[in-house]
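Here is my note on the structure you sent. Please keep the model open while you read.

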Amino acid sequence: MPADGSGTGPRYPTAGTVQELADHLDHVRALIDAAARRSGRRPGEVALLPVSKPVTEDRIRLAVQAGCHRLGENKVQEAARKHDALADLAVEWSIIGHLQTNKTKDVVAFATEFHALDRLKVAEALDRRLQAAGRSLDVYVQVNTSGEDSKYGLPPGEALGFLRQLPRFTSLRIQGLMTLAVFSDDTERVRPCFVRLREVRDRAREIDPDLIGPGGLSMGMSGDFEVAVEEGATVVRVGQAIFGARPLPDSYYWPTDSAGGPPSPSRSGSSCVNRSDRP
Ligand SMILES: *Cc1c(COP(=O)(O)O)cnc(C)c1O
């Protein structure tokens, strides 16, 4: 689990003013830039997507003043509500969490990006509604690089086949791949997940560069974004390190199997970690 500030003091202090938010943004940006440089990359290659999922609308207003103009939200309904309440601000919204087909309408209504495409039914529903609305949507295909049943996304071995099905959905603009690494403070367990995503991307490029668009990699969160940048992230999705520790447990955002998580086909052989190593 990512540290949430409990136990050893505030790992992610809450930012309550424009200045504090700006400081946290600067700090995260500086860490991204340093990680890029030490891995021989240009800092400009890595975008920061601030994630505002537990953050109230008044605090989002402060964040916009502090310089956030793109925001990521995990739940469509919550994002739609915030979008409406903040319609006077110039903000672009990215949906970064699992989507049900019956919510695709909401995404098409206001989002500019969707980071968690992992089912053809969703691609189809999005495309149909986008065509009707006369617009397109930037999407990332989510890959389950940790092999954990509690995470959504395609097994790495199925990503290529999935990408091959997407060109017929002409309003979806494929930007690349997205993943959530295993939640662990142990870098050596986290890193292989990011490496795995990069390898899937590289393999797709090798076979047919058109499959993967610009070949972006949406990976890295508060607890692991520096490792993700070292391994090739082009966009990191960071919430707590900017806004402060989340009050709700992670299980609220990422359902576990018992709380109705994703179906879990056998993913043996596809994990970036040995399943038996996990607690
Ligand atoms: C919440 C969330 C993040 C950001 O996590 P933090 O720990 O707040 O940085 C990134 N990606 C997804 C899909 C999320 O739901």
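1. Ground rules. This is a predicted model: local features need pLDDT of at least 70, side-chain atom pairs count only at pLDDT 80 or more, and totals for chains, interfaces and linings use all residues. Residues are numbered from 1 along each chain as its sequence is written, and side-chain values use heavy atoms, with hydrogens and water left out.

2. The whole chain. The protein chain has nine helices and eight strands. Helices (H or I, at least four residues) and strands (E, at least two) are DSSP runs, numbered from the N terminus. Of the 279 residues, 53% are buried. Buried means under 20% relative accessible area, exposed over 50%, and partly exposed in between (1.4 Å probe, protein chains only).

3. Contacts along the sequence. A contact means heavy atoms within 4.5 Å. Take the contacts in the protein chain with a separation of 6 or more: 65% of them join residues 24 or more positions apart.

4. The cores. A nonpolar core is a set of buried Ala, Val, Leu, Ile, Met, Phe, Trp, Tyr and Cys residues joined through side-chain atoms within 4.5 Å. The largest one has 73 residues, and Phe114, Leu117 and Leu126 have the most contacts inside it. Helix H1 (residues 18–38) gives the largest share of this core, seven residues. Another core, of six residues, lies apart from it; Leu49, Ile96, Tyr140 and Met178 are among its members.

5. Leu126. Which residues does Leu126 touch, not counting those up to four places away in sequence? They are Leu99, Thr104, Val107, Val108, Phe114, Leu137 and Leu172.

6. Helix H1. H1 has 21 residues and reaches 30 Å from its first C-alpha to its last, close to the 30 Å expected at 1.5 Å a residue. That expected span is 1.5 Å times one less than the number of residues. Buried residues in H1 include Leu21, His24, Val28 and Asp33. Their cover includes strand E1 (47–50), helix H2 (57–65) and helix H8 (225–230). Just after H1, Gly40 takes a positive phi of about 75°.

7. The ligand. 14 residues surround the ligand, and the closest are Lys53, Asn74, Ser222, Gln240 and Arg246. Here a residue counts if one of its heavy atoms lies within 4 Å. An oxygen atom of the ligand is 2.5 Å from an N or O atom in the side chain of Ser222. For the side chain of Arg246, the distance from a ligand oxygen atom to an N or O atom is 2.6 Å. For Lys53, that side-chain distance is 2.7 Å.

Conventions:
Polar contact = N/O pair within 3.5 Å; in protein donor to acceptor, adjacent residues only side chain to side chain.
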